[in-house]
Amino acid sequence: MLEERESKELAMNPFQKNESKETLFSPVSTEEVQPRPPSFPKKPSPKICGSNYPLSIAFIVVNEFCERFSYYGMKAVLTLYFLYFLHWSENTSTSVYHAFSSLCYFTPILGAAIADSWLGKFKTIIYLSLVYVLGHVIKSMGALPILGGPVVHTVLSMIGLSLIALGTGGIKPCVAAFGGDQFEEKHAEERTRYFSVFYLSINAGSLISTFVTPMLRGDIQCFGKDCYALAFGVPGLLMVIALVVFAVGSKIYKKPPPEGNIVTQVVKCIWFAISNRFKNRSGDVPKREHWLDWAAEKYPKQLILDVKALTRVLFLYIPLPMFWALLDQQGSRWTLQATRMNGNLGFFVLQPDQMQVLNPFLVLIFIPLFDLVIYRLVSKCGINFTSLRKMAVGMILACLAFAVAAAVEIKINEMAPLQPDSQEMFLQVLNLADDEVKVTVLGDKNNSLSAESIRPFQKMPHYSKLHLKTKSQNFHFQLKYQNLSVYTEHSVEEKKWYSLIIREDGKNISSMMVKDAENQTTSGMTAVRFVNTLHEEVNISLSTDTFLSVDEDYGVSAYRTVRRGEYPAVRCRTKDENFSLNLGLLDFGAAYLFVISNSTSQGPQAWKMEYIPANKMSIAWQLPQYALVTAGEVMFSVTGLEFSYSQAPSSMKSVLQAAWLLTVAVGNIIVLIVAQFSGLVQWAEFILFSCLLLVVCLIFSIMGYYYVPIKPEDIQGSADKQIPHIQGDMINLETKKTKL
């Protein structure tokens, strides 16, 4: 929730309160500004209930709420969509998630250029919102299982996400400023309050969507699986509503024409200064006090002075991307961590992707808490808590958050079952015969899988580890049953889990080797499989749209995933009768095997065995890391923009906003690179990020120690200083007064 801070700070900045939004995007010209022809007074825009608030801002605020609901709602389930619908690895899912986030913060530069230089804010918002809606439609189509295969789903998803990134990034710099355009200059105080309401609508949209869309994904089943199409479709519908609401207010908006892009002017000025200095590197050419003074031949001195002040602040921006690299992992790595935790809080069951709701919720609490309580207490203690110090403390809090995340990850790994290594496999024996069976593995050393005989339907306490000589191998087993010795052979592979199912075969016994699920389940869900000992096929209805069939005579079903919960009466049907099975509680992350038998007079029953234990660690243990990183965000993000705006001229504030967004984009690229090339286990990766930010914090603190803050009046006062004119074979340029 970064652009929200930018819009908020745009209103909070005391050096800008008496300026119109047009000032921020004024073109820079070397010509005298010609007086405008007199204009006839326009009809005043309608107000809200007799106040000084234009009616048009109501449409803009509702539009922003719906758009933020659309964006954050879609993004909340994106990582799990990659992981469990497209079946990508965790590293690939994380990389694509952050590539998308990065693109969303590069495209605002394009949106601002289009609005300020070509279409104006209103048309830019309308056209790019249409692109936005199209992206949502294509993204939702890519989540329909019936529409093509994995390649089609991947292509549609990438096209949809690209269009969404263009849409959300393109309108990002336009909507807030367009709302500011609706106010008259004399209503600056109302405009400031509008930005507070605008900021509240952003947080409300984010808060509600990150709670609702994971419920749409998990609580509603479509095509027998999690309903990602609905989880993406509802945010798409909200974006349609956002577009319609914004368009309805068209006739009452003030629509300032495009006035030129100051970002382009700054880039051209810097490029000209560098190229001009390179052309005049001869020792005969007099040196100049500052390298930007080499732009004096083409650009006015006020612009050059403003760019000088700007570069001082941009230098402090160099370390900032590392903070965003940590902050934005709430939707990727931290969500993946939550899938391996237990979401049952007693009074409520949380989905893994719903934990992200803590960020906007805590932001709404922490901002007034820090402003009204913590900062004032620190000030009363006589501590000079400057803006740069607040930002450094925010970085340290983010470091601590990732250290806590690493500790949680280590604890999760300790509770998880061991994994088979190279040339190893795990085996358990399931005795479905009516008497005890002794199982021995034959080979160089005959190993008994159990010191005692295995009783009928005995639950084995754990898997047995067997060593292989190659990646795949045939194992020979001796089964001792009553007075019989049966020899059997089965092929197995390394790093796999197997169940050796022993069954009756007339007066004899036989066995079959079944490959179990890998020791992982999907998004905190439960994996179930059935063995049918009846003499006829059984059709099982696990939910309204989740069905499976199990063949007769010891048929083994495929795995199915279901939601966590109680299943006291699962409907089953055979050719001759209908009955129900009590499966009991199916908990987070567990895998169960159910054996359907009819050995009692009560009809068919289900014998339950949990061979992958449920997630034991509560998801509530993520609360400390969310609280720390959100506190760091409040201290870093809000304070950073406040400081930046106070240190740069008013004409450079839009450039600062663009540079701030670029630091977010670069931070997401850092995560992408680390996820793809680090090769570290997850807890070690968390420690790596924590240490990297700690080093960056130290560098930033040193930079801040030597930084000399300047006062706003000093920025304007420096305009009176003349840049030396160029003599000799250089152009002697008289810089004209330029109205910014």
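View 1. The model is predicted, so local features are reported only at pLDDT of at least 70 and side-chain atom pairs only at pLDDT 80 or more, while totals for chains, interfaces and linings use all residues. Residues are numbered from 1 along each chain as its sequence is written, and side-chain values use heavy atoms, leaving out hydrogens and water. Helices (H or I, at least four residues) and strands (E, at least two) are DSSP runs numbered from the N terminus. Leu 103, Phe 106, Leu 662, Val 666, Ile 669, Ile 673 and Phe 677 make up this surface patch, with about 580 Å² of accessible area together, and helix 17 gives the largest share, five residues. Phe 106 lies in helix 5 and counts as partly exposed because its relative accessibility is 34%, where buried means under 20%, exposed over 50% and partly exposed in between (1.4 Å probe, protein chains only).

**View 2. Pro 321 is found in helix 12 (residues 321-327).** Pro 321 counts as buried because its relative accessibility is 10%. Leaving aside residues up to four places away in sequence, Pro 321 touches Thr 663, Val 666, Gly 667 and Ile 670, contact meaning heavy atoms within 4.5 Å. The C-alpha atoms of Pro 321 and Leu 661 are 9.7 Å apart, although 340 residues separate the two along the chain.

**View 3. A hairpin of two residues joins strand 12 to strand 13.** Strand 12 (residues 538-543) pairs with strand 13 in the antiparallel sense over five bridges, pairing requiring at least two DSSP bridges between the strands. Ser 541 has Phe 547 of strand 13 as its bridge partner.

Key: Patch = residues over 30% accessible without salt bridge, like charges linked within 9 Å, V, L, I, M, F, W, Y side chains within 5 Å. Areas by Shrake-Rupley, 256 points an atom, 1.4 Å probe, with all protein chains shown as cover. Salt bridge = Lys/Arg side-chain N within 4 Å of Asp/Glu carboxyl O.
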